[in-house]
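Open the model in your viewer and keep the selection panel at hand.

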Amino acid sequence: MTQTAPAPIIAFDRVTKRFGALTVLDDFNFTVAPGEKVTLIGPSGSGKSTVLRILMTLEPFQEGTLTLAGMSYQQPNGTGPFKAGERHLRQIRSHVGMVFQSFNLFPHMSVMRNVVEAPVRVLGLSRAEAECRAVDLLALVGLADKKDHFPAQLSGGQQQRVAIARALAMRPRVLLFDEPTSALDPQLVGEVLSVIRSLAHEHDLTMLLVTHEMRFAREVSDRVCFFDKGRICEQGAPDQIFTNPQQPRTREFLASVLG
Amino acid sequence: MEWISYLPSLGRGALVTASITLAAIALGGAAAFVAGIARVEGGRIVATLALCYTELFRGTSLLVQLFWFYYALPLVGISFEPVTTGIVVLALHVGAYGSEIVRGALASVAQQQHEAARALNFGRMQTLLHITLPQALVEMMPAFGNLAIETLKLSSLVSLISIADLTFRAQSIRNLTLDSTTVYTLTLLGYFLMSLVLMGLMRLLERLVRRGAAFPRAAHS
Amino acid sequence: MYGFEWDTATPLTYAWSILPIILIGLTVTLKAAAAGFSIALVLGLVFALLRRSRVKAIAWTTSVVVEFLRDTPLLVQLFFLYYVLPDYGLTLPAFLTGAIALGLQYSAYTSEVYRGGIEAVPRGQWEAATALNLSRTDVYRDIVVPQIVPRILPAMGNYLVAMLKETPVLSVITILEMMGLANMIGERTFDYLVPLTMVGVIFLLLTLVCSAGLHWLQRALPKAGIPLQ
């Protein structure tokens, strides 16, 4: 990212997040350019998932400012639940989508309804229009033939691919992946990664990925950030981080996960 | 064959019992959802009001409630037809129990479902109506089945505020004929039969809610 | 009544003057619930064991009886006992009839609690006991009961509270428990509001206290290493 950068789509400005006495993010600064694909790696508990959850407005934070697609919000004087109004939060959310570790499909809805429900209810699309788009998205994730199945009838890998289609149906500018393959049997990881890989070619989509699949991270990312104790300890191009890490903590971590 | 001559009267009583029970289940169900949802989703004031309603009607005896509305309220100038009193009090009573079922089922919906709904930008009301409540409904059904039977049984107490239900008719016939064994055996069988029918209806309703493929596993009762 | 005078001048003096009578009624209420629940505890256990009988006919008949008791109203069961038994020469005091009716109705519930408790004892325990060559009686006495009793306490407690709230039904067979007395006072003074409200408040206090106790039990038992049903 050496060219004159456009305004970042995501900016954490001195954000601090605490769970009780535990400080998860400490005076955290972080920006992402539009269209950038960023992977967050690091030991568990280092705060990388919390970054995604704050972006999705699933977690409030205590100090600092978060700017997302030009809209800012903060928590004036500290503690408690979201100080920002629900309307403002919903506006921010409309730019962001999230894929969860445990898929979190709606068990009482068919695959098709999982994908069309939010576009119809939230975006106000007609059901026909939403279904038309859903068919395309399900084809994209390779599940066009499963549209009338229920989540309980699908494998974990298939459920996660539906979850990706569901998130894409809201046309987010930023898509967050929170350990999308960690809950999958090893033989099902590949099919999900290949869908994410195809999305990485989308020029306009900004992607933030938390994962333990290091080879995959190296392959799809523009930038890799190594997290340690609520801070970004080291970041850079994937080749640099994986072949020539500067920080001892990064080296230690990579040695432990790459074996 | 005296018992045959009791049947028309007992039958009319059974019809009253069935009507009151069904009306109380419908009304009580509505009260249960309103109070249960209010406890989970309402602000502090609304949730506290709902809690007070639940505790008040669960914490006192149904017969005390019936007499209170039937004998005591008219003294301060508020009175209804006995049938109205019977249905409303019975509905409020079972509604209070039902609200606990609704609250528990809503609370048992996984937190991840709320998060998924939020990630798709659903509003609070939309999340409740389209995501959490439909899932909670499946959880509620077995408990609601038991509550329906409970409503039928408790409906016998309305005979004590002079409503001519099955129990009331049985009492009248017995007082006339002193044929206690026959009359009460028939009455007990009548209630048992109605219970079985009601159970069948609730199972049917549960199957409708469950909708086959979405919830393939049997309910944990 | 009971040698008490009452003063209906204001609701407050009225309430104060009838409080002793209501409290006498409360003792009857508590006694009835205690007697009824004792019967339910014993009878429920008998039903639960009979349902596990190896003789199919016994197990099946017990299931039908329990289902019948559970699905018919307490009030009608009460009338049945009160009016039918004397026809066959069995005249019991009203209080005993009431306690038996409560006990019968709730034995259907308690038998389910026992059944759940027995089934919650892991299979391995039965097998271990068999391997040790213990008799069936020994298995129940030394293995099953000590494991089950703490587990079923909260569920049983819930039914005790439920039964307590159903005791006013006994007033229809002339038992002067709390509500029956309140009603009688109402009939004499033409003011039902105060006595019935008092009874309601006392029931509310009773249930709130019991619920708090049960709540505590449900927290304390798992902490003591006893899983709940």
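How many helices and strands make up the secondary structure of chain B? Eight helices and zero strands. Helices (H or I, at least four residues) and strands (E, at least two) are DSSP runs, numbered from the N terminus.

Before moving on, some ground rules. This is a predicted model, in which local features need pLDDT of at least 70 and side-chain atom pairs count only at pLDDT 80 or more, while totals for chains, interfaces and linings use all residues. Residues are numbered from 1 along each chain as its sequence is written, chains are lettered from A and ligands numbered from 1 in the order in which they are written, and side-chain values use heavy atoms, with hydrogens and water left out.

**Stop 1: chain B as a whole**

Select chain B and colour by secondary structure. Along the sequence, its pattern reads α-α-α-α-α-α-α-α. The C-alpha trace spans about 70 × 45 × 20 Å along its principal axes.

Now colour by accessibility. Of the 221 residues in chain B, 51% count as buried. Buried means under 20% relative accessible area, exposed over 50%, and partly exposed in between (1.4 Å probe, protein chains only). Chain B exposes about 10,000 Å², and carbon and sulfur atoms supply 68% of that area. Accessible areas come from the Shrake-Rupley method with a 1.4 Å probe; for residues, only the protein chains shown count as cover.

Among contacts in chain B with a separation of 6 or more, 77% join residues 24 or more positions apart.

**Stop 2: the annotated spans**

Select residues 14-202 of chain B. UniProt gives this range as "domain: ABC transmembrane type-1", in an unreviewed entry. UniProt positions follow the numbering used here, feature names are shortened, and annotations may be inferred rather than shown by experiment. The span is 83% helix and 0% strand, with its end C-alpha atoms 19 Å apart.

Next, select residues 26-214 of chain C. UniProt lists "domain: ABC transmembrane type-1" here too, again from an unreviewed entry. This span is 83% helix and 0% strand, and its end C-alpha atoms are 21 Å apart.

Residues 15-38 of chain B are 100% helix, with end C-alpha atoms 34 Å apart. Residues 182-201 of chain B are also 100% helix, and there the end C-alpha atoms are 29 Å apart.

**Stop 3: how the chains meet**

Show all the chains. Two pairs of chains touch, and the pair with the most contacts is B and C. Chains A and C do not touch; their nearest C-alpha atoms are 24 Å apart.

**Stop 4: the cavities**

A cavity is a set of points, on a 1 Å grid over the protein atoms alone, where a 1.4 Å probe fits but cannot get out; lining residues have an atom within 4 Å of a point. Grid points are joined across faces, edges and corners, and a volume is the space filled by probe spheres set on the points. Two cavities of 30 Å³ or more are counted.

Select E150(B), K153(B), L154(B), S156(B), L157(B), P73(C), L74(C), L75(C), Q105(C), E166(C) and V169(C). They line the largest cavity, which holds about 70 Å³ of space. α6 (124-154) of chain B and α3 (74-87) of chain C each supply at least two lining residues. α6(B) gives the most, with three. By class, the lining has six nonpolar, two polar and three charged residues. Here Ala, Val, Leu, Ile, Met, Phe, Trp, Tyr, Cys and Pro count as nonpolar, Asp, Glu, Lys and Arg as charged, and the others, Gly among them, as polar.

Which residues line the second largest cavity? Select K37(A), V38(A), T39(A), M207(A), L209(A), V220(A) and S221(A). The volume of this second largest cavity is about 40 Å³. β3(A) brings the largest share of its lining, three residues.

**Stop 5: single residues**

Zoom to W3(B), in helix α1 (residues 2-41) of chain B. W3(B) is partly exposed, at 36% relative accessible area. Leaving aside neighbours within four places in sequence, W3(B) is in contact with T182(B) and L186(B). The C-alpha atoms of W3(B) and L186(B) are separated by 8.2 Å, though the two residues sit 183 apart along the chain.

Jump to F103(A), in the loop between β6 (96-99) and α3 (111-121) of chain A. Its phi is near 65 degrees, a positive value in a residue other than glycine. Is F103(A) buried or exposed? Buried, at 11% relative accessibility.

Finish at N121(B), in the loop between α5 (111-119) and α6 of chain B. Phi of N121(B) is near 70 degrees, also positive in a residue other than glycine. N121(B) is buried, with a relative accessible area of 5%.

Methods
Contact means heavy atoms within 4.5 Å. On a 1 Å grid over the protein atoms alone, a cavity is a set of points where a 1.4 Å probe fits but cannot get out, and a pocket is an open set with protein on both sides within 12 Å along at least five of seven lines; lining residues have an atom within 4 Å of a point.
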